[in-house]
Amino acid sequence: AGTGVGINALLSRQLGEGKKEDAKKTADNAVFLGIIASLAFAIFGLLATKVFFDAQTANENIRNLGYSYMYIVTIFSFGIILEITFERILQSTGKTVYNMITQGLGAIINIILDPILIFGLLGAPRLGIAGAAIATVFGQIVAMILSFIFNMKYNEEVKIGSGVFKPNIKIIKGIYRVGIPSIAMQSMSTIMILALNRILISFSDMAVSVLGIYFKLQSFVFMPLFGLNNGMTPIVAYNYGAGNRERIVKTIKYAIIASIGIMIVGTGMFWMFTKELIMMFSSDEAMIAMGIPAIRISSMCFIMAAFDVVAIGVFQSLGEGLYALYASFLRQLVLILPFAYILSKFVSLDAVWYAIPLAELGCMFFDIFLFRRVYVKRIAKL
């Protein structure tokens with residue numbers, strides 16, 4: 001997924017500059033990288049699945065279930081990896097409606113096959129957890145094939161076809177100039193959640209569960225924000241390549257306004273329907289009592305997060321992957337974890353939840369500083 005961000009940013013910029021041959025080479029190298037990544041994950045699945053699960057748990061039942069699932073999803077990971085690659089190529093040329101079709105179809109196939117293969121319905125064998133894995137990879141492979149067909153049939157700007165197995169070091173560096181920071185950014189969220197779990201477990205297991213509920217709920221609010229950001233990225237990158245400053249500024253302005261609008265709605269929902277949202281996961285009165293202040297306090301970060309997410313998208317669009325990494329590092333590790341630890345030690349559990357909006361506020365000021373630098377360095381000179 002991080003590599004996909006790099007592919008999208010580089011392709012869009014090249015198309016904006018009118019470098020269609022370079023864009024074609026980038027698309028071919030993107031497919032090459034997808035194949036290499038697929039092989040790497042397949043080897044990992046074959047050689048490291050048992051080591052990975054044995055390091056996570058001593059429960060033999062969980063290990064055996066994990067082995068069954070992970071062998072399948074890693075060995076056949078070419079489906080999801082190449083699906084992401086082809087979808088990012090489509091996205092770079094603004095053909096995102098095809099991505100909606102491929103992802104939607106893949107998800108529907110997965111949902112339909114899950115009960116059939118898990119429980120052995122309609123004459124199918126009862127495969128349990130392995131059936132869930134097969135349903136997942138089958139949906140991914142269908143989506144991959146469909147996204148490839150859409151590229152070949154409808155993507156006139158970027159044709160995949162020649163030089164797939166001719167890696168171009170310059171292009172690969174260009175992809176990973178944005179891709180590596182993006183990979184690191186995605187890894188940070190996992191580290192943040194693990195660290196917050198360790199802080200909250202000192203209070204109770206229930207506090208950890210409340211954090212899990214919050215992150216599941218907030219993902220629904222952030223989905224349209226990330227979707228908007230994905231739509232903005234190729235537009236900004238394309239117009240930067242074309243030297244169109246006015247359209248870049250207008251796109252960023254509209255993205256910020258729309259993002260803040262989405263987050264105002266999200267904040268309102270989290271404050272007005274807090275109990276109902278928590279009851280989607282648990283009807284335990286103690287959980288609800290703990291969750292209501294936690295959800296409300298944490299959601300205070302939403303409006304500030306709107307600016308942070310757009311700013312990170314702008315940095316990636318303009319090839320400033322390190323700026324995006326700095327902002328994400330500050331947001332997800334540098335600020336939130338010390339805030340959470342100090343508040344947990346010297347105040348109370350209810351105070352710990354303030355670490356989330358405090359970190360977002362600090363990151364917003366830092367993003368404004370970086371954004372001003374990027375504007376002067378990149379946009380103002382166009």
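Helix H14 runs over residues 336-346, and its buried residues are Ile-336, Leu-337, Ala-340, Leu-343 and Ser-344. Seen down the axis of H14, these buried residues fall within an arc of 140°, so they line one face of the helix. Do keep in mind that this is a predicted model.

**Around helix H14**

**Overall fold and dimensions**
- The secondary structure of the chain amounts to 16 helices, with zero strands.
- Along its principal axes, the C-alpha trace spans about 60 × 60 × 35 Å.
- The chain has a radius of gyration of 22 Å, which agrees with the value near 21 Å that a compact globule of 382 residues would have.

**Burial and contacts**
- Of the 382 residues in the chain, 48% are buried.
- If you take the contacts between residues at least 6 apart in sequence, 77% of them join residues at least 24 apart.

**Surface and charge**
- The accessible surface of the chain is about 18,500 Å², and carbon and sulfur atoms account for 68% of this area.
- As for charge, there are 31 positive and 21 negative side chains in the chain.
- The centres of these two sets of side chains lie 9 Å apart.

Technical notes: Residues are numbered from 1 along each chain as its sequence is written. This is a predicted model: local features need pLDDT of at least 70, side-chain atom pairs count only at pLDDT 80 or more; totals for chains, interfaces and linings use all residues. Side-chain values use heavy atoms; hydrogens and water are left out. Helices (H or I, at least four residues) and strands (E, at least two) are DSSP runs, numbered from the N terminus. The radius of gyration is taken over C-alpha atoms; the globule rule is 2.2 Å times the number of residues to the power 0.38. Buried means under 20% relative accessible area, exposed over 50%, partly exposed in between (1.4 Å probe, protein chains only). Contact means heavy atoms within 4.5 Å. Accessible areas come from the Shrake-Rupley method with a 1.4 Å probe; for residues, only the protein chains shown count as cover. Lys and Arg count as positive and Asp and Glu as negative; His and the chain ends are not counted. The place of a charge is taken as NZ of Lys, CZ of Arg, CG of Asp or CD of Glu. The arc is that of the directions from the helix axis to the C-beta atoms.
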